[in-house]
Amino acid sequence: MRALLQRVRSSAVRIDGETVGAIGQGLNILLCVMDGDTEAEAELLAGKCAKMRIFEDENGKMNRCITDIDGEALVISQFTLAADCRKGNRPSFIASAKPDTAQALYEYFSRCLRQNGVRKVENGVFAADMQVEIHTDGPVTIWLDSDIYKQSRR
């Protein structure tokens, strides 16, 4: 599972001009479920996202997590994070999970964020054509891949 976290002042996702999810200060999370991912990866990454200390403390140091600042999260499905660009100029997305599995784990990831103390978790619409408005803060952008954490536990 892959997640791209962006520290934001606000973020919103729209479909055909209608807002389907919006947050204030917190994290915009683009999430890609990879083939072979399970609930364990969703739990792992949701925990990492909730505890990632990328918000500034009173001394201007990135020392607070989203729950410390009572922040919000907008989670958007993003299968293109699975892009394999090694050959040619057209990315391959075959490493992404099948839609039914991906949607179930995407929704589970959002529930796990709530279970990790994120008070407000909004979502885009799975597999929809969405327009995302992101007001980054910093900017601070962090790439997470559950494969990295699985390798370090061996």
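Arginine 9 touches Gly24, Gln25, His135, Thr136 and Asp137, leaving out residues up to four places away in sequence. Arginine 9 belongs to strand S1. With 56% relative accessibility, over the 50% cut-off, arginine 9 counts as exposed. The model is predicted. The chain holds three helices and eight strands.

**Arginine 9 and leucine 74**

- Arginine 9 and glutamate 72 are 63 residues apart in sequence. In space, their C-alpha atoms are 9.9 Å apart.
- Leucine 74 sits in strand S6.
- Is leucine 74 buried or exposed? Leucine 74 has 0% relative accessibility, so this residue counts as buried.
- Beyond its neighbours within four places in sequence, leucine 74 is in contact with Ser11, Ala12, Val13, Gly21, Ile23, Leu27, Asn28, Ile29, Glu122, Asn123 and Gly124.
- Among these contacts of leucine 74 are Val13 and Gly21.
- Leucine 74 and valine 125 are separated by 51 residues in sequence. Their C-alpha atoms are 11 Å apart in space.

- Strand S1 covers residues 2–15, and strand S2 covers residues 18–23.
- How do S1 and S2 run, parallel or antiparallel? They run antiparallel, and five bridges join them.
- S1 and S2 form a hairpin with two residues between them.
- Aspartate 16 lies in the loop between S1 and S2. Its phi is positive, about 50°, although aspartate 16 is not a glycine.

**Other backbone features**

- Aspartate 70 also has a positive phi, about 55°, and is not a glycine.
- Which loop holds aspartate 70? Aspartate 70 lies between strand S5 (62–64) and strand S6 (72–77).
- Aspartate 70 has a relative accessible area of 46% and is therefore partly exposed.
- Glycine 138 and proline 139 are joined by a cis peptide bond, with omega at about 0°.
- Proline 139 is in strand S8, which spans residues 131–145.

**Overall fold**

- In sequence order, the pattern is β-β-β-α-β-β-β-α-β-β-α.
- Why is the chain described as compact? Its radius of gyration is 15 Å, close to the 15 Å from the globule rule for 154 residues, so the chain is as compact as a globular protein of that length.
- The C-alpha trace spans about 45 × 45 × 30 Å along its principal axes.
- Of the contacts between residues at least 6 apart in sequence, 74% join residues at least 24 apart.

**Surface and charge**

- Buried residues account for 43% of the 154 residues.
- The accessible surface of the chain is about 8,500 Å². Carbon and sulfur atoms contribute 46% of that surface.
- The chain has 20 positive and 22 negative charges.

Conventions
Residues are numbered from 1 along each chain as its sequence is written. This is a predicted model: local features need pLDDT of at least 70, side-chain atom pairs count only at pLDDT 80 or more; totals for chains, interfaces and linings use all residues. Side-chain values use heavy atoms; hydrogens and water are left out. Helices (H or I, at least four residues) and strands (E, at least two) are DSSP runs, numbered from the N terminus. The radius of gyration is taken over C-alpha atoms; the globule rule is 2.2 Å times the number of residues to the power 0.38. Buried means under 20% relative accessible area, exposed over 50%, partly exposed in between (1.4 Å probe, protein chains only). Contact means heavy atoms within 4.5 Å. Accessible areas come from the Shrake-Rupley method with a 1.4 Å probe; for residues, only the protein chains shown count as cover. Lys and Arg count as positive and Asp and Glu as negative; His and the chain ends are not counted. The place of a charge is taken as NZ of Lys, CZ of Arg, CG of Asp or CD of Glu. Two strands pair if DSSP finds at least two bridges between them.
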